[in-house]
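Before the points below are read, please have the sequence and the model open side by side. The note goes from terms to single residues and then to their surroundings.

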Amino acid sequence: TVGIVGSTGAGKTTLIDLVLGLLVPESGSISLDSVEINKHNIAAWQNSIGYVPQSIYLTDDTIEANIAFAKSRDEINIDKAIKAAKMANLHEFITTLPDQYKTFVGERGVRLSGGQRQRIGIARALYHDPKVLVLDEATSSLDGITENAIMDAINNLSHKKTIIMIAHRLSTVKECDLIHFMSNGEIIESGTYQQLISSNEEFKKMARNL
């Protein structure tokens with residue numbers, strides 16, 4: 001689990017866009033296990049990534065259709081949807097609903113809380129069983145209690161998948177194996193949470209403002 005942190009404008013999202021292949025480097029390269037990502041292999045790389053944005057788009061459809069996003073009704077694999085929901089700490093909530101996975105979420109998920117919408121986003125990213133999970137400020141709009149529930153779901157996946165998370169709040173990355181601290185478009189220091197607290201004044205200042 002890798003955290004990418006820094007103040008607004010530090011370059012976190014640009015870095016992730018490069019990793020996702022949404023931006024092409026003007027110089028240098030992006031490599032995966034020493035293999036450079038290029039136009040010939042980028043589709044295979046992108047197919048191995050699950051992406052969770054800050055704001056989850058939900059259609060006025062069932063929970064299972066929103067998890068298996070872009071799949072037609074007859075293509076939905078309910079076993080895969082349940083497995084993904086369990087990994088996202090969402091399954092227990094769904095089983096309390098009268099129609100369970102067939103429950104309609106309403107326009108833009110209006111019948112769900114912010115935390116539930118976010119967990120559907122995580123389940124959607126996990127539905128295709130990606131090797132890499134990328135979370136872009138995925139908990140920044142949530143309150144502390146809801147964020148903790150989401151982080152429990154993410155931490156349950158730790159060491160089962162490679163997880164890359166961008167965070168504005170340092171509480172989000174406390175459990176990461178490695179944190180990259182960015183400033184002005186560069187990674188200026190890397191280490192564990194405790195190592196960066198000890199060695200980097202700017203990181204320590206951000207931690208104080210939690």
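1. Buried is used here for under 20% relative accessible area, exposed for over 50%, and partly exposed for what falls in between, with a 1.4 Å probe and protein chains only. The model is a predicted one, in which local features need pLDDT of at least 70 and side-chain atom pairs count only at pLDDT 80 or more, while totals for chains, interfaces and linings use all residues. Residues are numbered from 1 along each chain as its sequence is written, and side-chain values use heavy atoms, with hydrogens and water left out.

2. At 33% relative accessibility, Phe69 counts as partly exposed, and Tyr57, at 44%, counts as partly exposed. The rings of Tyr57 and Phe69 have centres 6.4 Å apart and planes at 70 degrees, so the pair is edge-to-face. Because Tyr57 lies in the loop between β4 (49–52) and α3 and Phe69 in the loop between α3 and α4 (78–87), the pair ties together parts that are 12 residues apart in sequence; helices (H or I, at least four residues) and strands (E, at least two) are DSSP runs numbered from the N terminus.

3. Lys80 lies over the face of Tyr127, at 4.8 Å from the ring centre.

4. Asn66 belongs to helix α3, residues 63–67, and counts as buried at 0% relative accessibility. Leaving aside neighbours within four places in sequence, Asn66 is in contact (heavy atoms within 4.5 Å) with residues including Leu58, Val105, Ile120 and Arg124.

5. What are the buried residues of α4? They are Ala81, Ala84 and Ala85, and seen down the axis of α4 they fall within an arc of 100 degrees (taken from the directions from the helix axis to the C-beta atoms), so they line one face of the helix. These buried residues pack against α3, α5 (91–95) and α6, whereas the face of α4 turned away from its buried side carries the exposed residues Asp79, Lys83 and Lys86. Just after α4, Asn89 takes a positive phi of about 55 degrees.

How values were computed:
Rings of Phe, Tyr and Trp (its six-membered ring) pair if their centres lie within 6.5 Å; planes under 30 degrees apart count as stacked, over 60 as edge-to-face and the rest as tilted. A charge sits over a ring if NZ of Lys or CZ of Arg is within 6 Å of the ring centre and within 35 degrees of the ring normal.
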